[in-house]
Amino acid sequence: MVQIDRTNAWQALQQHADDIAKRHLKDMFREDEDRFGTFSREGGGLRVDLSKQRWQAETLDLLLQLAEEAQVPEAISRLLSGDKVNISENRPALHTALRLPADASLVVEGQDVVPGVHRTLDHMASMVDRFHSGQWRGVTGQPIKDVVNLGVGGSDLGPLMVTHALSDYRVKDVHEVNVHFASTMDGSQLAAYLTHFDPETTLFVLSSKSFTTIDTLSNATTARDWLMARLAGHGREGIDADLVMRQHFIGVSASPEKMSEWGIAENHQLEFWDWVGGRYSLWGGIGLPIALVIGMEGFLQFLAGAHAMDRHFQTAPLADNLPVLMALAGIWNNNFLDIRAHSILPYDGRLEYFAAYLEQLEMESNGKSVTNEGESVTYSTCPVLWGQLGPNAQHAFYQLLHQGTQAVECDFIAPLVRYDDVEDPATRERLMGQHRLTLANCFAQSRVLMLGDDAIADDGPRPEHKRYRGNQPSSTVLLERLTPESLGALIALYEHKVFVQATIWGINPFDQWGVELGKKIANETCDIIERRDGCDAELKQMDASTRGLIEATWNSSRT
């Protein structure tokens with residue numbers, strides 16, 4: 001297949017960009033009084049305003065031609081039907097199957113995958129019920145009250161983000177279970193928990209697709225040793241070590257045999273499949289911490305919201321398709337306007353971890369420089385993605401957005417309604433007033449980024465250091481409310497956006513060989529540091545910097 005930058009559609013966009021690059025957003029708004037109506041769309045329960053992108057109707061037409069030339073409609077069909085879209089690993093990428101309803105059917109290589117998905121959901125539901133009824137008990141008979149998720153990457157970022165975002169939907173009138181997360185391999189997060197938690201009422205969820213991730217297994221081994229020392233020894237004679245493992249560990253992995261080898265009881269294992277990438281896995285067993293917080297009914301609503309976006313992605317014409325349009329906006333900025341930075345700015349404190357979640361989703365998926373045909377790309381792919389809560393970021397890096405030298409595309413995200421369910425009228429009005437202030441800031445910031453000085457009432461000449469150039473592109477994603485359904489749709493929106501961009505760039509968004517290389521080299525280096533003696537040959541093969549750093553480790557009295 002011809003690289004996309006050699007196509008007629010790409011060449012036409014490059015010529016068009018020469019004209020658009022000279023134009024300012026404020027002029028585009030002056031010329032089209034209904035620009036918001038022209039460039040805003042709804043789907044899957046969300047509304048997306050793309051009117052502040054630096055494009056015109058002609059631009060979008062050309063971008064849609066590019067999507068057609070890249071065979072985006074066919075790619076969407078292949079993704080959702082279970083074709084082997086993960087080229088380098090020769091398998092499907094069927095995270096969308098994890099949110100199919102029970103009465104659906106999806107046959108992949110002669111097998112309907114839906115029944116297996118719902119068997120796992122049913123198993124997860126029975127686990128959640130045991131926790132919430134106080135019937136999941138530790139070896140001493142005390143009900144579990146603290147659950148620590150041990151994972152990294154997709155096994156941590158997704159569940160952490162969602163449990164925080166949906167904390168308002170914590171299930172009520174059940175035995176209280178507190179969910180915690182430990183991901184860092186240095187043990188600092190885990191150590192804080194082990195200092196304060198009671199081993200009799202603490203359970204660990206070991207989440208790892210491969211069950212070989214050193215970060216997670218290191219934390220899990222420390223947790224196991226802590227439990228054994230406190231429960232199967234030191235005055236706890238008669239408590240069987242196998243029983244400690246059974247009652248205080250749950251495993252979530254695509255490798256059931258490795259979970260069993262590690263000592264996790266078979267009926268305390270949640271399985272997922274090799275056709276689910278780690279960063280796409282929160283919709284299944286990896287989402288157990290989410291279900292523990294919002295209940296299984298809430299978790300199913302979360303899946304339903306994502307499925308609604310899947311249906312929109314599958315059926316909406318490209319010109320009205322939210323993931324496609326957001327992907328095209330990113331392609332336009334990155335490849336034609338030379339804007340290589342993208343900031344995610346939620347205006348809701350519950351979405352505190354959303355930017356971090358998208359950093360992995362986008363940069364691990366599309367941080368690639370080789371096409372599916374094995375050729376080096378000759379164009380930019382994934383931009384640098386970063387962000388923070390918008391109200392906090394206004395007092396941090398917005399200075400760069402408004403007056404810096406780096407052009408940045410921004411996504412503003414906000415729910416329209418919040419606090420309307422607070423019972424006390426006075427408190428409700430105060431909190432709703434704060435939310436109106438938050439929305440005002442969200443809308444004002446994107447307006448100033450667009451208009452620059454023209455957003456300010458004419459108050460006479462200003463010195464240069466008080467001037468704003470504007471013309472910074474942004475999108476605004478609006479939710480009616482932040483609910484399990486709308487959050488599911490929001491995440492699916494970005495998942496599909498990433499896939500569309502990968503399709504146009506001709507790269508595989510479902511592998512991560514760069515990550516795998518880092519793991520391999522780290523394991524080899526760790527072996528040298530720990531062995532110390534007999535490593536002369538390995539050290540000679542090292543570069544001078546790494547050799548010096550290893551020797552500094554050996555020579556340190558603190559090691």
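Rings of Phe, Tyr and Trp (its six-membered ring) pair if their centres lie within 6.5 Å; planes under 30 degrees apart count as stacked, over 60 as edge-to-face and the rest as tilted. By that rule, the whole structure holds 19 aromatic pairs. In one of them, Tyr280 and Phe510, the ring centres are 5.5 Å apart and the planes stand at 55°, so this pair is tilted. Tyr280 sits in the loop between β9 (269-271) and α12 (288-315), and Phe510 in the loop between α18 and α19 (513-531), so the pair ties together parts 230 residues apart in sequence. Helices (H or I, at least four residues) and strands (E, at least two) are DSSP runs, numbered from the N terminus.

This is a predicted model, in which local features need pLDDT of at least 70 and side-chain atom pairs pLDDT 80 or more, while totals for chains, interfaces and linings use all residues. Residues are numbered from 1 along each chain as its sequence is written, and side-chain values use heavy atoms, with hydrogens and water left out.

**Domains**

The protein chain is divided as follows. The bounds come from an automatic or database domain assignment.

| Domain | Residues |
|---|---|
| domain 1 | residues 4-70 + 316-453 + 469-511 |
| domain 2 | residues 104-292 |
| domain 3 | residues 514-557 |

**Where domain 1 meets domain 2**

The centres of domain 1 and domain 2, taken over C-alpha atoms, are 34 Å apart. Domain 1 gives 25 residues to the contact and domain 2 gives 16 residues; contact means heavy atoms within 4.5 Å. The two domains bury about 1800 Å² between them, 65% of it on carbon and sulfur atoms. Buried area is the accessible area (1.4 Å probe) that two parts lose on being put together, summed over both. In domain 1, Arg350, Tyr353 and Tyr357 lose the most area to domain 2. Together they make up 31% of what that side buries.

Two salt bridges cross this interface. A salt bridge needs a side-chain nitrogen of Lys or Arg within 4 Å of a carboxyl oxygen of Asp or Glu. The side chains of Arg279 and Glu364 form a salt bridge, at 2.9 Å from N to O. On the side of domain 1 that touches domain 2, α14 (354-366) and α18 (484-505) are the elements that give two or more residues.

**Around Tyr193**

Tyr193 lies in helix α8 (residues 188-196). Leaving out residues up to four places away in sequence, Tyr193 touches Val148, His180, Phe181 and Ala182. Tyr193 and Phe181 are twelve residues apart in sequence and 9.5 Å apart in space, C-alpha to C-alpha.
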